[in-house]
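Visitor: I have a protein model on the screen and would like to learn how to read it. Where should we begin?

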Amino acid sequence: MDLRALNARRHPYHRLRHALLAAPIALIAFVTVGDILAPSDVHLGPFLVAAPALTASFAGPRTTGFVGAVAVLAQVVVAMVRSSATDLNHSVQIVSLILISVFVTLFAQLREVREKELVQLRSVAEAAQQVVLRPLRERIGPLRMASVYLAAEAEAEAQIGGDLYAVARTARGTRLLIGDVRGKGLEAVGDAAVVLGAFRASAHQEAELSGLVAYLEGAVAPDLQDACVEDAGGGDDRGEAFITAAVLDVPDDRQTLGLVNCGHPPPLLLRGGRVIRLDVTHPAPPLGLSELVEPGLAAQTFAAETFAFEAGDIMLLYTDGVIEARDETGTFYPLAERLAAWPGTGPRALLSHLCDDLLSHAAGHCLGDDAAMVAIERLG
């Protein structure tokens, strides 16, 4: 799915910059005419400082400097019409306007530099994530699938999160993984890379799903513990690092699926207009919290549970960024309700509908956390 079009719709503000420029220009014209026509004891010139200050909030230094110069020129015209440019009152207003225009122009320059740094940081982070999250094939065995990743925009440093997903084709079926790393930034991407690498390396080797999850735990736990030790003296809280995950096994010859849920939101199954939550009876702890599992009980802790997955069913895997998105009133996104009301067909159409609906629900079309979704349809 092409997310650039979605992100463009989330940022209509950038297309309005030229239209916003009309506001300070109109303000200058209004104040200039009003000051010329006003009585001699009324001075509207001080209001001209609002024009460059307003421009600096959305435009770059060149545009801000241009508007400031126009405002100064307008103030000089007013002074010459009403008395003289060398009049003490107008001289003070002109000098003050020049100083304020220079100041806000420097502010616009600093803001523009900061915006470029954030864009570069976002580009690097997204490039790293695209390397980690390989695109999913549309058709794998008897399954048809689609995936989508929506990056949060609320983070001041434009950091991406650690949402992850992967698919591995085996001799007997298809195995899927979706997860969410606690934390953000490049550390989260690194933790996600460890999980994905372990999954891709062991998905073909471990015959049982419980053995696969135990392998993931064994690969993740030492890495997270090392990261906690390295960051113990830093400002980031990595002492409670863990990864929630759901690992699934869909065999080719049976209309069922095996599921091990490690503290992750349960998958949703859409069948004939009904939404079925795949809640496991005995959820496992998140990956990286192996100390919570008593020695010798790993196999029991990571035991897979079986659910029906029939032809025509569509299963939705998602991260908590989807269900924790809030609207203006603070209401969480009702994923199950919106999924049940979906009238279309096919995984790609489903994710396109949910993305539009989710962004419309989120306050200001801005997600508070990264969100990932994978839709899988079982074909006949």
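Guide: We begin with a term: two strands pair if DSSP finds at least two bridges between them. This is a predicted model. Here β10 and strand β11 (residues 371–378) pair in the antiparallel sense over five bridges, and M315 has I376 in β11 as its bridge partner.

Visitor: Which other strand does β10 pair with in the antiparallel sense?

Guide: Strand β7 (residues 268–271) pairs with β10, over three bridges. There L270 has I314 in β10 as its bridge partner.

Visitor: What should I look for in the side chains of a strand?

Guide: In a regular strand the side chains alternate between the two faces of the sheet. In β10, I314, L316 and Y318 point one way, while M315 and L317 point the other way, and all are buried. Strand β10 (residues 314–318) is thus described as mostly covered, with five of its five residues buried.

Visitor: Which residues of strand β9 are on its covered face, and which on its uncovered one?

Guide: In strand β9 (residues 305–308), E305 and F307 make up the covered face, and T306 and A308 the uncovered one. Strand β6 (residues 256–262) runs antiparallel to β9 and is joined to it by four bridges. Opposite F307 in β9 stands L257.

Visitor: How do I read a helix?

Guide: Helix α3 (residues 22–37) has 16 residues, and from first C-alpha to last it reaches 22 Å, close to the 22 Å expected at 1.5 Å a residue. Its buried residues include P24, I28, V31, T32 and D35. They are on the same side of α3 because they cover an arc of only 100 degrees around the axis. The face turned away from that buried side carries the exposed residues F30 and L37.

Visitor: How many residues does helix α5 have, and what span should they give?

Guide: Helix α5 (residues 61–82) has 22 residues, which should span 32 Å at 1.5 Å a residue; the end C-alpha atoms are 31 Å apart, which agrees. Among its buried residues are P61, V67, A71, Q75 and V78. Seen down the axis of α5, the buried residues fall within an arc of 160 degrees, so they line one face of the helix. The face of α5 turned away from this buried side carries the exposed residues R62, F66, L73, M80 and V81.

Visitor: Where does P46 lie, and is P46 buried or partly exposed?

Guide: P46 is in the loop between α3 and α4 (50–56). With a relative accessible area of 45%, P46 is partly exposed. P46 and Q75 are 29 residues apart in sequence, but their C-alpha atoms are 9.0 Å apart in space.

Visitor: What is the general idea behind a nonpolar core?

Guide: In soluble globular proteins, nonpolar side chains tend to be buried together. In this model the largest nonpolar core has 52 residues, and those with the most contacts inside it are F199, L257, L287, M315 and I376. Helix α7 (residues 185–202) gives the most to this core, with seven residues. Apart from it lies another core, of 25 residues, among them L150, L268, Y333 and L335.

Visitor: Which residues is F199 in contact with, leaving aside its neighbours within four places in sequence?

Guide: The contacts of F199 beyond those neighbours include V167, L176, L212 and V247. V167 has its place in strand β3 (residues 161–169). Again leaving aside neighbours within four places in sequence, V167 is in contact with residues including L136, I140, R175 and F199.

Visitor: How far is V167 from D249?

Guide: Their C-alpha atoms are separated by 9.9 Å, and V167 and D249 are 82 residues apart along the chain. D249 lies in strand β5 (residues 243–251). Buried means under 20% relative accessible area. D249 has 18% relative accessibility, so D249 counts as buried. Leaving aside its neighbours within four places in sequence, D249 is in contact with T174, R175, L209, L257 and G258.

Visitor: What do the totals for the protein say?

Guide: The protein has twelve helices and eleven strands. Of its 380 residues, 44% count as buried. Of the contacts with a separation of 6 or more, 71% are between residues 24 or more positions apart. The protein exposes about 18600 Å², and carbon and sulfur atoms supply 60% of it.

Definitions and conventions:
Residues numbered from 1 in each chain as written. Predicted model: local features only at pLDDT ≥ 70, side-chain atom pairs only at ≥ 80, totals over all residues. Heavy atoms only, no water. Core = buried A, V, L, I, M, F, W, Y, C linked by side-chain atoms within 4.5 Å. Buried < 20%, exposed > 50% of the residue type's maximum accessible area, 1.4 Å probe, protein only. Helix = DSSP H or I, 4+ residues; strand = E, 2+ residues; numbered from the N terminus. Contact = heavy atoms within 4.5 Å. Areas by Shrake-Rupley, 256 points an atom, 1.4 Å probe, with all protein chains shown as cover. Expected span 1.5 Å × (residues − 1). Arc of directions from axis to C-beta.
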